[in-house]
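Biologist: Can you walk me through this one? I'd like the surface to begin with, then the inside, then whatever else is worth a look.

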Amino acid sequence: MGGASSYIAMLSIAAFLGLAWLATRVSRLMNVSSIVLEITTGVVFGPSVLGLVAPEYAECEHGRHLDCTPPADLAERIAEGRHFGEGLTAIAGMGLCPRDQYFHDEAHGAHAEGAHAAPHADDAHAEPTDKPVVAWGDAHQAGAGVHRRLSGGGSYDTYEECLIKSCEAYVSHECQLTPDFFTLIGHAGVALMIFESGMHFDFEKAAVVGPKACCVAVLGTILPFISGALLTVVFGRPLMPDGVSVGTALAPTSVGIALRLLGEAGALQQDFGQAIITAAFVDDILSLILFNVLFSLTGDFKLMATVINPIIGIAFMGVAMVGAVKFWPRMINNVILPRVRDVEGAKVSRKDEVLFFLMMVVLLVYATITFFLGTHLWGCFIAGMSFACLSNDHHAHHVWVKQTKRVTSWMIRIFFAATVAFAIPIDKLLSFEAFWKGSLMGIGPCILTKVCCAPFMGPARWVIGWAMVGRAEFAYLIAQMAAAANMIDAKTFSVVIWALLYATIFAPFIFRKVLNRYIAQHCQMGDEEKLEDKVEAH
């Protein structure tokens with residue numbers, strides 16, 4: 001049976017997902033982070049290189065149908081009143097670039113009639129809008145492009161730049177609202193991962209090493225943020241929003257990498273292990289705050305979005321943390337679960353089903369609340385923290401992992417192999433300029449600032465510092481979303497990806513080596529001195 005069929009498309013996507021899975025397996029056999037090979041797989045087999053995945057599945061609808069590429073003679077077309085491309089003409093019709101802010105009427109009369117003409121009728125295929133395609137109210141030299149920018153005009157230097165940048169921003173905004181399905185799946189996976197990270201938060205351990213660990217977290221967040229932003233300015237990009245976006249992308253520490261390596265070494269219960277985990281979680285909270293503020297800065301300054309909403313979010317987080325310790329354990333363990341009757345012989349305990357349902361409800365409610373305060377990811381982390389104190393054996397986490405482990409693993413794999421990889425501009429990434437700038441950004445703001453963030457922690461300062469170097473999903477998410485929001489250009493995005501890859505590749509190797517050496521020197525026979533005593537001695 002012949003004819004049109006979607007079988008080839010299904011086969012291509014299945015092959016791509018199989019290759020992404022294979023990249024994960026090979027990475028595990030090599031005992032390295034799977035992020036690098038997953039991103040490499042997405043770049044090589046994605047639409048930009050071999051094209052195993054068709055562009056229709058890797059780009060949102062608005063990105064495919066609204067082309068913001070300007071014609072070579074854009075200025076002349078504007079001057080002559082001709083059609084200047086479907087995307088740019090549509091943007092002009094939306095009134096996003098008022099012409100009276102960019103042009104001054106210097107030639108009355110001779111071209112007045114022609115100046116009011118719309119683009120030629122033979123270009124009627126332009127996207128229809130409710131407004132006129134463009135208000136041709138200014139007379140100027142036909143074909144010459146001789147215009148004078150009014151003092152204090154629009155937000156861009158030229159009318160042409162306004163059209164192009166506004167078109168890109170419009171497409172970016174719409175693609176964030178309705179992304180392609182690979183991006184949607186990847187972002188959902190990150191949300192689930194951050195919820196699970198919140199469930200690892202140990203309030204008791206945080207109380208033991210809290211003050212010093214918080215200082216480590218503050219330095220580990222502020223140093224890469226400031227140095228990354230300043231280096232971006234040195235590279236020729238503006239501080240706002242480019243520098244701030246890059247600094248925010250470099251700030252988060254990977255909790256997952258630290259947890260895994262500490263667990264393998266049996267050092268989670270050591271004082272320095274507690275300091276690492278607490279600092280990493282506080283670092284994540286601070287990075288979430290930066291993330292929230294960053295995406296509140298898009299567009300004009302708004303007091304509510306930029307200042308008040310983050311303050312409300314911090315207050316909400318404080319209330320939620322108190323609830324995680326005082327309210328949820330009593331409500332779930334003493335009120336809700338005792339009223340649930342288990343069914344004998346059931347494959348899954350009825351109480352576990354109710355507990356999982358509660359976790360999903362709290363996750364959705366908290367994420368929705370913080371979405372209106374800046375970002376849903378903040379709520380995901382807070383929701384996970386709400387189930388961190390239910391029992392000493394972390395039964396809630398066990399229930400969550402049992403129900404979501406495979407789904408979350410595939411979503412995170414898709415996030416790196418598709419969401420991040422498909423967004424990388426290959427021609428920019430493989431350029432020498434992106435490589436050397438990314439190398440400087442990676443070695444300096446991305447790695448060294450984290451390594452040096454614990455100078456007051458005694459002999460454990462280097463193991464704690466290298467533990468903070470690791471980067472994973474959240475850092476790449478910030479970079480990808482900043483690029484999607486038109487807050488950094490393609491070249492800057494490539495520089496950030498190179499920098500994050502340095503940390504992703506080298507951090508696990510060096511941290512493992514430093515960790516093993518520290519354990520051999522200071523943790524023999526279980527007689528490790530308390531971290532606080534060591535700090536005081538130094």
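Modeller: The protein chain has an accessible surface of about 25,500 Å², and 62% of that belongs to carbon and sulfur atoms. Accessible areas here come from the Shrake-Rupley method with a 1.4 Å probe, and for residues only the protein chains shown count as cover. This is a predicted model, where local features need pLDDT of at least 70 and side-chain atom pairs count only at pLDDT 80 or more, while totals for chains, interfaces and linings use all residues. Residues are numbered from 1 along each chain as its sequence is written, and side-chain values use heavy atoms, with hydrogens and water left out.

Biologist: What is the mean pLDDT of the chain?

Modeller: The mean is 78, and 82% of the residues reach 70 or more. pLDDT is the predictor's confidence in each residue, from 0 to 100. Over residues 105-154 it is below 50, though that stretch has 89 contacts in the model beyond near neighbours in sequence; a contact means heavy atoms within 4.5 Å. Residues 525-538 also stay under 50, with 24 contacts beyond four places in sequence. Where pLDDT is low, the predicted coordinates should not be read in detail.

Biologist: How many helices and strands?

Modeller: The chain has 22 helices and zero strands.

Biologist: Which residues have the most contacts inside the largest nonpolar core?

Modeller: Those are I39, F272, F387 and Y476, in a core of 124 residues. α21 gives the most to this core, with 15 residues. Another core, of 20 residues, lies apart from it and includes C68, Y159, I164 and V171. A nonpolar core is a set of buried Ala, Val, Leu, Ile, Met, Phe, Trp, Tyr and Cys residues joined through side-chain atoms within 4.5 Å.

Biologist: Switching to charges. How many salt bridges are there?

Modeller: There are seven, a salt bridge being a side-chain nitrogen of Lys or Arg within 4 Å of a carboxyl oxygen of Asp or Glu. One of them pairs D73 with R77 at 3.0 Å, N to O. D73 is partly exposed at 25% relative accessibility, and R77 is partly exposed at 24%.

Biologist: Which residues does R237 pair with?

Modeller: R237 forms a salt bridge with D242, their closest N and O atoms being 3.1 Å apart, and another with D489 at 3.4 Å. Shared partners join R237, D242 and D489 into one network.

Biologist: Is D242 buried or exposed?

Modeller: D242 is buried, with a relative accessible area of 4%. R237 is partly exposed at 30%, and D489 is partly exposed at 25%.

Biologist: Last one. Where is S245, and what does it touch?

Modeller: S245 is in helix α10, residues 239-250, and is buried at 1% relative accessible area. Not counting residues up to four places away in sequence, S245 touches L294, I478, A482, M487 and I488. A polar atom of the S245 side chain lies 2.7 Å from the backbone oxygen of P241.

Definitions and conventions
Helices (H or I, at least four residues) and strands (E, at least two) are DSSP runs, numbered from the N terminus. Buried means under 20% relative accessible area, exposed over 50%, partly exposed in between (1.4 Å probe, protein chains only). A polar contact is a pair of N or O atoms within 3.5 Å; within protein, one must be able to donate a hydrogen and the other to accept it, and residues adjacent in sequence count only if both atoms are side-chain atoms.
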